[in-house]
Amino acid sequence: MSIKIYTDGACSGNPGPGGWGALLCWNGHEKELSGGEPDTTNNRMEMMAVIKALESLKKESTATLYTDSKYVKQGVEEWLEGWKAKGWKTAAKKPVKNQDLWERIDSLFSMHSIKIIWVKGHDGHVENERVDKLAVDAISRP
């Protein structure tokens, strides 16, 4: 099953209250997901959108993940293996920020076949604008 996943995170202040949104599209069906946290960062919300989207998959899947977060894309494609090899330390030998979420992402990516595509945020990309609205709206939900 090939799925298109669109994700975004938002924060009111950074850190501050945050929200995330995800849209899963497959076989003519769509599923929206969103949520928030009272005290977080924009990067954590970008990551939570990816985590929650992948956690919602019921079986091993092939997916294309669209994100406007270079942090998520580079983290998965460029940094993750090195961090793990160095015991979750950066090249500067400092602890990796958001290690708890990176570990979840790493586990989820190992269960599925995921291709990441970066899209420019706030640039008229219909699905990216849609998940941005989900994320922003989730900030104000209790």
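Which strand is Thr67 found in? Select Thr67 and you land in strand 4. Keep in mind as you click around that this is a predicted model. Thr67 has 0% relative accessibility, so it counts as buried. Show what surrounds it: leaving out residues up to four places away in sequence, Thr67 touches Thr7, Glu46, Ile116, Ile117, Trp118 and Val119.

Next, select residues 2-11 and 16-26, which are strand 1 and strand 2. They run antiparallel, and eight bridges join them. To see one of the pairings, pick Ala10: its bridge partner in strand 2 is Gly19.

Stay here and click on Pro15, in the loop between strand 1 and strand 2.

**The cores**

Time for side chains. How many residues does the largest nonpolar core have? It has 31, and those with the most contacts inside it are Ile5, Leu24, Leu54, Trp102 and Phe109. At least two residues of this core come from each of strand 1, strand 2, helix 1 (42-55), strand 4 (62-67), helix 2 (70-85), helix 3 (99-111) and strand 5. Helix 1 supplies the largest share, eight residues.

There is also a second, separate core of seven residues, with Tyr6, Tyr66, Val119 and Leu134 among them.

Go back to Phe109 and bring up its neighbours. Not counting residues up to four places away in sequence, Phe109 touches Val50, Leu54, Leu65, Val76, Ile114 and Ile116.

**Two helices crossing**

Hide everything except helix 2 and helix 3. They pack at an angle of about 95°, with their axes 11 Å apart. Angles of 65 to 115 degrees count as roughly perpendicular, and helix 2 and helix 3 are therefore described that way. For the contact, select Tyr71, Val72, Gly75, Val76, Leu80, Glu81, Trp83 and Lys84 on helix 2, then Trp102, Ile105, Asp106 and Phe109 on helix 3. Colour this contact by class and you get eight nonpolar, one polar and three charged residues.

**The loop in between**

Last stop: the loop between helix 2 and helix 3, where you'll find Trp88. Is Trp88 buried or exposed? Its relative accessible area is 13%, so Trp88 is buried. Look at the backbone too: phi of Trp88 is near 65°, a positive value in a residue other than glycine.

Then move along to Asn98, which also has its place in the loop between helix 2 and helix 3. Phi of Asn98 is near 65°, again positive in a residue other than glycine. With a relative accessibility of 15%, Asn98 counts as buried, because the cut-off is under 20%.

Definitions and conventions
Residues are numbered from 1 along each chain as its sequence is written. This is a predicted model: local features need pLDDT of at least 70, side-chain atom pairs count only at pLDDT 80 or more; totals for chains, interfaces and linings use all residues. Side-chain values use heavy atoms; hydrogens and water are left out. Two strands pair if DSSP finds at least two bridges between them. Helices (H or I, at least four residues) and strands (E, at least two) are DSSP runs, numbered from the N terminus. A nonpolar core is a set of buried Ala, Val, Leu, Ile, Met, Phe, Trp, Tyr and Cys residues joined through side-chain atoms within 4.5 Å. Buried means under 20% relative accessible area, exposed over 50%, partly exposed in between (1.4 Å probe, protein chains only). Contact means heavy atoms within 4.5 Å. Axes are lines fitted to C-alpha atoms, for helices over the stretch in contact, and angles run from 0 to 180 degrees between N-to-C directions. Angles under 35 degrees count as roughly parallel, over 145 as roughly antiparallel, 65 to 115 as roughly perpendicular and the rest as oblique. Ala, Val, Leu, Ile, Met, Phe, Trp, Tyr, Cys and Pro count as nonpolar, Asp, Glu, Lys and Arg as charged, and the others, Gly among them, as polar.
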